[in-house]
Amino acid sequence: MLIIDCPYCGPRSETEFGYGGQAHVAYPPDPHALTDEEWAQYLFYRDNPKGDRAERWLHSAGCRRWFNAVRDTRNYEISAVYRLSDPRPHQTTKGA
Amino acid sequence: MNQRQLPEHPDFLWPNPEPKASYDVVIIGGGGHGLATAYYLAKNHGITNVAVLEKGWLAGGNMARNTTIIRSNYLWDESSAMYEFSLKRWEGMEEELGYDVFFSQRGVLNLAHTLQDVRDSVRRVEANRLNGVDAEWVDPRQVKELCPIINIGDDIRYPVMGGTYQPRAGIAKHDWVAWAYARRASELGVDLIQNCEVTGFVMDGDRVTGVQTTRGRIATGKVALAVAGHTSALTELAGFQVPIQSHPLQALVSELHEIIHPTVVMSNHVHVYVSQAHKGELVMGAGVDSYTGYDQRGSFHVIEHQMSAAVELFPAFSRAHLLRTWGGIVDVTMDASPIMGLTPVDGMYVNCGWGTGGFKAVPGAGWSYAHTIAHDEPHALNAGYGLERFVTGALIDEHGAAAVAH
Ligand SMILES: Cc1cc2nc3c(=O)[nH]c(=O)nc-3n(C[C@H](O)[C@H](O)[C@H](O)COP(=O)(O)OP(=O)(O)OC[C@H]3O[C@@H](n4cnc5c(N)ncnc54)[C@H](O)[C@@H]3O)c2cc1C
Ligand SMILES: [Zn+2]
């Protein structure tokens, strides 16, 4: 079980959270202008890195707010949590 | 009673050659899909100058970590074609490969616990029948006849309202399946090279001409990816993406018990599935962990959840003990269907996205992937499974039959 540090509530068990996949995927500014290939990218393609990933979590059984975390997908260590409105923090991960 | 004994192995099943400087085809990944593909390349297409490169040991990935459920009762035409073709080959596998694989057609029950489950299940049974797949709807009393240890009382949180039953479905012994393909492929001239990780590609413009490995550079005109959850890492090196997310998927076994569970029971709604392995372990699994990951382990609450569902369905299991848990890395697509076909790189082929359910497809995937590689175009069985479906929108939405189910 992961311990996830909600930026609003502090550290809580993973069972209180929902997973929201890759962070920072912007809604297309002009959806009507997208080609089929661009729609495919937006709808179906997400990064799938071995290493640090910026991703969304929802504290569904707590404050019910979304936030972002940077998690290493090789060992599940969370190195940063931040608000949705903040940019991805710059950092260097151990071993990366 | 011989169900509980396994025969002895020969001392060795295949040689361990040094990699050659070049091959006609290099298959990356020595799981079930890579090995079956190598075998069918040699057997069906006469292409024997082939290497299977495996970073660890053969079948050490998902192939020997899965819960071995084999069935073909998927909803859509493309899926039932692929899985039913595979099931027919499972039925002849021991003869074809000359090796025990313990394919046991003990049937698979997919339970329904809600009215929506019931409607979806009945619809799937009808679709299966139209596709020539054996399937029937069974009521709770019939469920109990098929599996006497199951609790069909209506005083539990999600009572059993019936289920679908596929009598020809079942389980097999996964590692023996891998060894069976490996042995025959090796006899036909395929080099099985373990401890050989692919770390890069040699390109000539848009064409791949070789692979970089931890055991040196190997030239080849054709590279076939069969690395399941690790596909993204390799396609990134080749300059393109595949629409998969890699998740941990866990399973577990109990200690050995008397044989009490005659079939395979799966429940998408309460999230557990159970069978009893040949020697007597109860084998259980559920859905993927929610987050992506490559650590071959997941979170314990996922196991707790599936065990509480199992104990409610099978009260007798409350006395069993959890002996071992493990995880694999499964490659999940948005439509819960696999990806197989050509790629943006000339000479490179992809087979991935089987997610939680690719063991049952090993024969059919190997067969059609070998065809795709040999002819540079998909076989009829995988024509609908190309990367282009994510652009055209012709998805094969198998969430109903595949999401939790394996
Ligand atoms: C817990 C669990 C339960 C499952 N239950 C079922 C089930 O009941 N029924 C069912 O049909 N399916 C099930 N599956 C799914 C099934 O196991 C997979 O879909 C299938 O095994 C994937 O194909 P494979 O055997 O070729 O993959 P793998 O065995 O994972 O083979 C991929 C291989 O590629 C190797 N590799 C990766 N990167 C590299 C590299 N760079 N260089 C060289 N080699 C590399 C890996 O080491 C690995 O051996 C389950 C999976 C898991 C994890
Ligand atoms: Zn919170």
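What percentage of the 96 residues of chain A counts as buried?

A: Of the 96 residues of chain A, 36% count as buried, where buried means under 20% relative accessible area, exposed over 50% and partly exposed in between (1.4 Å probe, protein chains only). The model is predicted, with local features needing pLDDT of at least 70 and side-chain atom pairs pLDDT 80 or more, whereas totals for chains, interfaces and linings use all residues. Residues are numbered from 1 along each chain as its sequence is written, chains are lettered from A and ligands numbered from 1 in the order of writing, and side-chain values use heavy atoms, without hydrogens or water.

The secondary structure of chain A consists of one helix and six strands, arranged along the sequence as β-β-β-α-β-β-β. Here helices (H or I, at least four residues) and strands (E, at least two) are DSSP runs, numbered from the N terminus. Along the principal axes, the C-alpha atoms of chain A fill a box of roughly 40 × 35 × 20 Å.

Chain A supplies the donors of the zinc ion (ligand 2), namely A:Cys6 (SG), A:Cys9 (SG), A:His59 (ND1) and A:Cys63 (SG), at 2.0 to 2.3 Å. Donors are N, O and S atoms within 2.8 Å of the metal (3.2 Å for Na, K and Ca); water is not among the atoms, so sites may look incomplete. Along the chain, these donors follow the spacing C-x2-C-x49-H-x3-C. The angles among the four donor atoms run from 104 to 118°, and the site is tetrahedral, a label given to four donors if all angles lie between 85 and 135 degrees. For four tetrahedral donors the ideal angle is 109.5 degrees. A:Cys6 is buried, with a relative accessible area of 2%, whereas A:Cys9 is partly exposed at 29%.

Of the 39 residues around ligand 1, B:Glu54, B:Asn62, B:Met63, B:Thr67 and B:Lys360 come nearest; a residue is near if one of its heavy atoms lies within 4 Å. By class, this shell has 16 nonpolar, 18 polar and five charged residues, with Ala, Val, Leu, Ile, Met, Phe, Trp, Tyr, Cys and Pro counted as nonpolar, Asp, Glu, Lys and Arg as charged, and the others, Gly among them, as polar.

Backbone atoms also approach ligand 1. A backbone N or O atom of B:Thr68 lies 3.3 Å from an oxygen atom of ligand 1. A polar backbone atom of B:Thr356 is 3.1 Å from a nitrogen atom of ligand 1, and one of B:Gly357 is 3.1 Å from an oxygen atom of ligand 1. Taken alone, ligand 1 exposes 1000 Å², of which the protein buries 97%; accessible areas come from the Shrake-Rupley method with a 1.4 Å probe. The elements giving two or more residues to the shell are helix H1 (32-45), strand E12 (245-256) and strand E16 (322-332) of chain B, and E12(B) gives the most, with three residues.

Two loops of chain B complete the account. B:Ala336, in the loop between E16 and strand E17 (339-342), has a positive phi near 55°. B:Ala228, in the loop between strand E11 (216-225) and helix H7 (231-238), has a positive phi near 50° and is partly exposed at 24% relative accessibility. Most residues other than glycine have a negative phi.

Key. Four donors count as tetrahedral if all angles lie between 85 and 135 degrees; four count as square planar and six as octahedral if opposite donors are over 155 degrees apart and all others between 65 and 115; anything else is irregular. A polar contact is a pair of N or O atoms within 3.5 Å; within protein, one must be able to donate a hydrogen and the other to accept it, and residues adjacent in sequence count only if both atoms are side-chain atoms.
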